[in-house]
Amino acid sequence: MPRFLLGITSRLGEGSVLPKLRPQQTASLVFDLPVAGRRCVLYRVAHRAGPGVRPTLAGETGPVAPDPRTITISLGDDADAVVTLAQDKLSVTVPLSCVRQVYHRRDAEAWWFSDDPRLLIRPGMSLDVRWLLCQLELGAHPGPYTPWREIRRIPLGMSLTVDVASLAAQEAPTPLLEDAGGASPAGAATDQVRLDAVAELLDDAMRRACPRRRGVVLFSGGVDSGLIAARAAEMGWKEFVLAHSSRGPRDLETENARQMAAALKLQFRAFEYRPEDAMTHLSEMFDAYTPANDFSMMPTWTLARQLLEAFPEEDVVLDGTGADGVFGGLEKWKQARLLYRVPAVARKTAGWVYRAGRLWARPGRAENVLRIVRRCALWPFPAFRVVLNPLGEIAYHAPRGVRREVAQALLNWLDRVAAGSPPAARPKFVALVSGTWRSSEKAAAALDNAGVAQSFPFHDPKLLAFALREVTTWPAHLREGKGSLKQLLTRSVPAALVYRPKSGLSVLPVPTFGQPGFLRAFAEVLETSAGPFEGLIDRRFVRGLFEALERRQGLAWFTYEFVWALVFAHHWITRIQQHATAA
C-alpha cells in the first residue's frame with residue numbers, strides 16, 4: 001500500500017512542496033487546495049511502480065474534489081486512517097483498528113502528516129530517549145513518541161484536528177463503541193448465538209476485503225489463520241490458497257497445518273523458510289517504512305517475497321494477526337494483578353536473581369517465571385503488558401524517570417480511549433497496543449514492501465467494536481484464551497487440530513542469528529561509536545551477546561528479541577538520518 005504525505009502550508013502559489021524522496025519512491029498529487037489563506041496538499045507516495053491502493057476522495061475520482069470545503073479521504077481500507085477537511089479544519093483520525101502509525105511534524109508555518117516518518121525527517125533532528133527505550137524494552141511504542149523529538153505520532157484511537165488558519169491543534173479520542181450491526185446479540189443467552197455473531201462479523205469483513213472471493217491466507221495452522229480459512233471454506237470460496245511458512249520437512253507445525261487444510265478442502269502450499277534466505281532480505285528490512293522489534297519479521301518478510309512470486313498481484317493476502325488482543329489476553333491480565341500484590345521488595349529481589357543468575361542465557365522454566373517477575377519489578381501496573389524483555393538495567397540503562405514517564409503516557413492514553421467503555425474492556429485496549437497493533441504493523445510492513453495487497457479481518461472496525469462491547473462480558477470459557485474462536489473453529493475441523501500447543505510463525509533463533517549476514521549487521525552496531533543507542537547500551541554486555549551468537553550458544557527467547565530490536569533500529573535510524581543529510 002502506498003504511503004501518504006499531507007501538508008498545511010502558507011506557501012500559496014509556489015511549486016511542489018514535496019521533500020526529497022527516497023530511491024524507488026514516486027509521488028502523485030491527490031489534491032492541492034487553497035483553504036483559509038493557506039495551501040492544503042495531499043500526495044500519494046508509492047514505493048515502486050507496483051500494485052497499491054490509491055487514496056480515494058468521497059464522490060470524486062479526479063485529483064481535486066468539487067467542493068473543497070468538505071473532503072473525506074480514506075487512506076486505505078475501512079480500518080485505516082481517515083483525513084477530513086471541513087469548515088477550514090483538517091482532522092486526521094487513527095482508529096483503534098488501524099495497523100499503520102500516523103506521524104506529524106509542526107514547523108513554524110506548516111503542519112505535515114505521513115504514515116512514513118522518512119518523509120518528515122530533516123537534518124539535525126534530535127533523538128528521543130523515550131522512544132529508544134520503548135524500542136529496546138517494550139513490545140510497542142505507546143504515547144506520541146517517535147525516534148525524533150521533532151516528530152510526534154497520533155496514538156491509536158485518537159484524532160488530531162488542526163485549525164488551518166491559526167495552525168492550532170487539538171487531540172481527542174475517536175468514537176469508541178460504534179454500532180456493530182445486526183449481528184450483535186446483546187444479552188445473548190447461548191454460546192451458539194454468540195459464536196454465530198462472531199462468524200457473521202468475520203464473514204462480512206472478509207467479503208469486503210476480498211470482493212473477488214479469491215486470495216491467499218497466511219496460514220500457520222493455528223486458531224487465528226485457521227478460522228479465517230474455515231470461514232472462507234464455509235462461504236464456498238474454493239479459490240483460496242493456504243500459504244504456510246515451514247521450517248523444513250521435520251516441522252510438526254507444517255504437518256498439523258496440512259491436516260487442517262485437508263479438513264477444510266482448501267489448497268495448501270508450504271514455503272520453506274531458511275535462515276540464509278532471510279539474510280538476502282536483511283538490507284530491505286532495514287529500509288522498511290516502520291520500525292519493528294519482533295524478529296519474526298524475518299520469516300514474514302521472506303514469505304511475503306515468496307508470495308509475490310507465486311501468486312497474481314491482484315490476489316489479496318489475509319492475515320489473522322490481531323485475534324489475540326481482540327479475543328484473548330484477559331487471563332494474563334488477571335495473573336499479573338495477582339503478581340503485583342506481591343510486595344515490591346520481593347519482586348525486586350526476584351528480578352535481581354534473574355540478573356545474578358544470568359538467566360537471559362539459560363532458557364527454561366526458571367527464566368520464564370523470573371522474566372515476568374522482573375518486568376513487573378521495573379514497570380508499574382498495567383504497563384507490564386507492553387513490556388517485551390527483562391534486560392532493562394542489564395543490557396542498557398535508561399535515564400532516571402524515563403520509564404515512569406513512558407508508563408504515565410500509556411495510562412493517560414488508556415484513560416482517554418477507554419472512557420465510557422465497560423471496565424472489563426480496559427485490558428483489551430492495552431492488549432491492542434502490545435500485541436494486535438505491534439504484530440499487525442510488522443506484517444503490514446513486510447507485505448507492503450513486497451507490493452502485496454493485504455487485509456487483517458480481525459482489525460475490522462465492526463468486529464473490534466463488538467469484541468470490546470460484548471466479548472468482555474461473556475463466560476470465561478469463551479472470553480479467555482480465545483475460547484470463542486476455538487469453539488467456532490471446531491465447527492469446521494477436528495478438535496484435536498485446534499486444542500494443541502503451537503509455536504507460531506517464527507524462526508529457529510540459533511541458526512538465524514548465527515548467520516554471517518546478521519553477525520555483520522550486529523558487528524556494525526558495536527563498531528559505531530556514535531550510534532543511536534550510544535549512552536544507553538552496556539557495550540560490554542552487548543558484546544558478550546554477540547560472541548554468544550557467534551559461537552551459536554542458545555539464549556533465552558526474549559534475549560533474541562532484544563538483539564533484533566537493537567540491530568534493526570540501529571540500521572533503520574542510521575539509514576534515515578544519512579538520507580536526510582544527503583537530501
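User: Hi! How many bridges pair β1 with strand β9, and in which sense?

Analyst: Strand β9 covers residues 110-114, and β1 pairs with it in the antiparallel sense over 5 bridges. Two strands count as paired if DSSP finds at least two bridges between them. Helices (H or I, at least four residues) and strands (E, at least two) are DSSP runs, numbered from the N terminus.

User: Good to know. What kind of model am I looking at?

Analyst: It is a predicted model, where local features need pLDDT of at least 70 and side-chain atom pairs count only at pLDDT 80 or more, while totals for chains, interfaces and linings use all residues. Residues are numbered from 1 along each chain as its sequence is written, and side-chain values use heavy atoms, with hydrogens and water left out.

User: Thanks. Which residue is the bridge partner of Leu5 in β9?

Analyst: That is Ser114. There is also a partner strand in β3 (residues 38-46), which β1 joins through 7 bridges, running antiparallel. In that pairing, Arg3 has Val45 as its bridge partner.

User: Which residues sit on each side of β1?

Analyst: Arg3, Leu5, Gly7 and Thr9 lie on one side, with Phe4, Leu6 and Ile8 on the other, and both faces are covered. In a regular strand the side chains alternate between the two faces of the sheet.

User: What order do the strands take in the sheet with β1?

Analyst: The order is β2-β3-β1-β9-β8-β10, an open sheet of 6 strands with antiparallel pairing. Its edge strands are β2 (26-35) and β10 (151-154), each pairing on one side only. Neighbouring strands of this sheet are turned by 20° against each other on average, direction ignored. For angles like this, axes are lines fitted to C-alpha atoms, for helices over the stretch in contact, and the angles run from 0 to 180 degrees between N-to-C directions.

User: And how many bridges join β8 to β10?

Analyst: 4 bridges do, with β8 (residues 102-107) running antiparallel to β10. One example is Val102, which stands opposite Ile154.

User: Changing topic: which strands form the parallel sheet?

Analyst: That open sheet has 5 strands in the order β15-β14-β13-β16-β17. Strands β15 (267-272) and β17 (454-455) are at the edges.

User: What does β13 pair with?

Analyst: Strand β13 (residues 214-218) is joined to β14 (residues 239-246) by 5 bridges. Here Arg214 has Glu239 as its bridge partner, and Val217 stands opposite Leu242. Strand β13 also pairs with β16 (residues 316-318) over 3 bridges, in the parallel sense, and Gly215 stands opposite Val316 there.

User: Why is β13 largely enclosed by the rest of the structure?

Analyst: Because 4 of the 5 residues of β13 are buried.

User: At what angle do α2 and α3 pack?

Analyst: The angle is about 80°, and the axes of α2 (residues 191-209) and α3 (residues 223-234) are 10 Å apart. The two helices are therefore roughly perpendicular to each other. By the cut-offs used, angles under 35 degrees count as roughly parallel, over 145 as roughly antiparallel, 65 to 115 as roughly perpendicular and the rest as oblique.

User: Which residues of α2 and α3 meet?

Analyst: Ala199, Leu202, Asp203 and Met206 in α2 meet Leu227, Ile228, Arg231 and Ala232 in α3. Contact means heavy atoms within 4.5 Å.

User: Last one: is Val510 buried or partly exposed?

Analyst: Val510 is partly exposed, with a relative accessible area of 29%. This residue is found in helix α17 (residues 509-513). Leaving aside its neighbours within four places in sequence, Val510 is in contact with Arg552, Gly554 and Tyr560. The C-alpha atoms of Val510 and Arg552 are separated by 5.8 Å, although the two are 42 residues apart along the chain.

Terms used:
Buried means under 20% relative accessible area, exposed over 50%, partly exposed in between (1.4 Å probe, protein chains only).
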